[in-house]
Amino acid sequence: MTAWHAQSVDDAASQLQSDLARGRGSTEASKRLALHGPNTLAEARQRSMLALVAHQFRSLIVALLVAAALVALALGECIEAGAIFVVILLNAVIGLYTEWKSASALAGLRKQSVAVARELREGAQSKIPAAHLVPGDVVLLDAGDRAPADGRVIDHARLHADEAALTGESLPAAKSADAVADFAAALGDRI
């Protein structure tokens, strides 16, 4: 995976064979769209509630706890067995809630996706469906716009990005066109 944040603007443009002044040509964009596919979040297969519940009981720890509860029952220790079954049930409920919340968060991210993107195509600004953006496209953003795709900042004027959905930060993060020195920088540290 290429660390675009660690490369200079010119190096990234060169690797992507992108013309920063004119943007991508329509023919090349069509080829790249066919090669890379649409700029959309992958649709995860939705699991049924029954499958989610069953998944909570498929682990070695749960199997060991069930075995311990059965041994406790066999020895006549009903209170201990009941306590172990309560722990198993609580673990399942918490796991189910966590999986449901993560699925809801992903659905929320899909709803926030941008439908139309403004980009530079063959030297002119144009609006295209955001799903048709391809690697190397030059995307134009104004104040308040949502970024329609991952991208490398080329030029900016006091750019700040709201990364709350990705990093949990409550304040917008300052961004720069400078390369980040750390190749393995965490997402929140990629200015």
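The points that follow take up a few residues of this predicted model, one group at a time.

1. Gln7 is found in the segment that comes before helix H1 (9-15), and its relative accessibility is 16%. Because the cut-off for a buried residue is under 20%, Gln7 counts as buried.

2. The side chain of Gln7 makes a polar contact, at 2.8 Å, with the side chain of Gln15.

3. Leu41 sits in the loop that runs between helix H2 (26-36) and helix H3 (49-56), where it is partly exposed, with a relative accessible area of 44%. Together with Leu106 and Leu109, Leu41 makes a nonpolar surface patch of about 220 Å².

4. Glu122, which has its place in the loop between strand S1 (116-121) and strand S2 (124-129), has a phi near 55 degrees, a positive value in a residue other than glycine. With a relative accessible area of 43%, Glu122 is partly exposed.

5. Arg158 lies in the loop between strand S3 (138-139) and strand S4 (160-161), and phi of Arg158 is near 55 degrees, again a positive value in a residue other than glycine. Is Arg158 buried or exposed? At 78% relative accessibility Arg158 counts as exposed, because the cut-off for that class is over 50%.

Note on methods
Residues are numbered from 1 along each chain as its sequence is written. This is a predicted model: local features need pLDDT of at least 70, side-chain atom pairs count only at pLDDT 80 or more; totals for chains, interfaces and linings use all residues. Side-chain values use heavy atoms; hydrogens and water are left out. Helices (H or I, at least four residues) and strands (E, at least two) are DSSP runs, numbered from the N terminus. Buried means under 20% relative accessible area, exposed over 50%, partly exposed in between (1.4 Å probe, protein chains only). A polar contact is a pair of N or O atoms within 3.5 Å; within protein, one must be able to donate a hydrogen and the other to accept it, and residues adjacent in sequence count only if both atoms are side-chain atoms. Patches are made of residues with over 30% relative accessible area and no salt bridge: like charges are joined within 9 Å, nonpolar side chains (Val, Leu, Ile, Met, Phe, Trp, Tyr) within 5 Å. Accessible areas come from the Shrake-Rupley method with a 1.4 Å probe; for residues, only the protein chains shown count as cover. A salt bridge is a side-chain nitrogen of Lys or Arg within 4 Å of a carboxyl oxygen of Asp or Glu.
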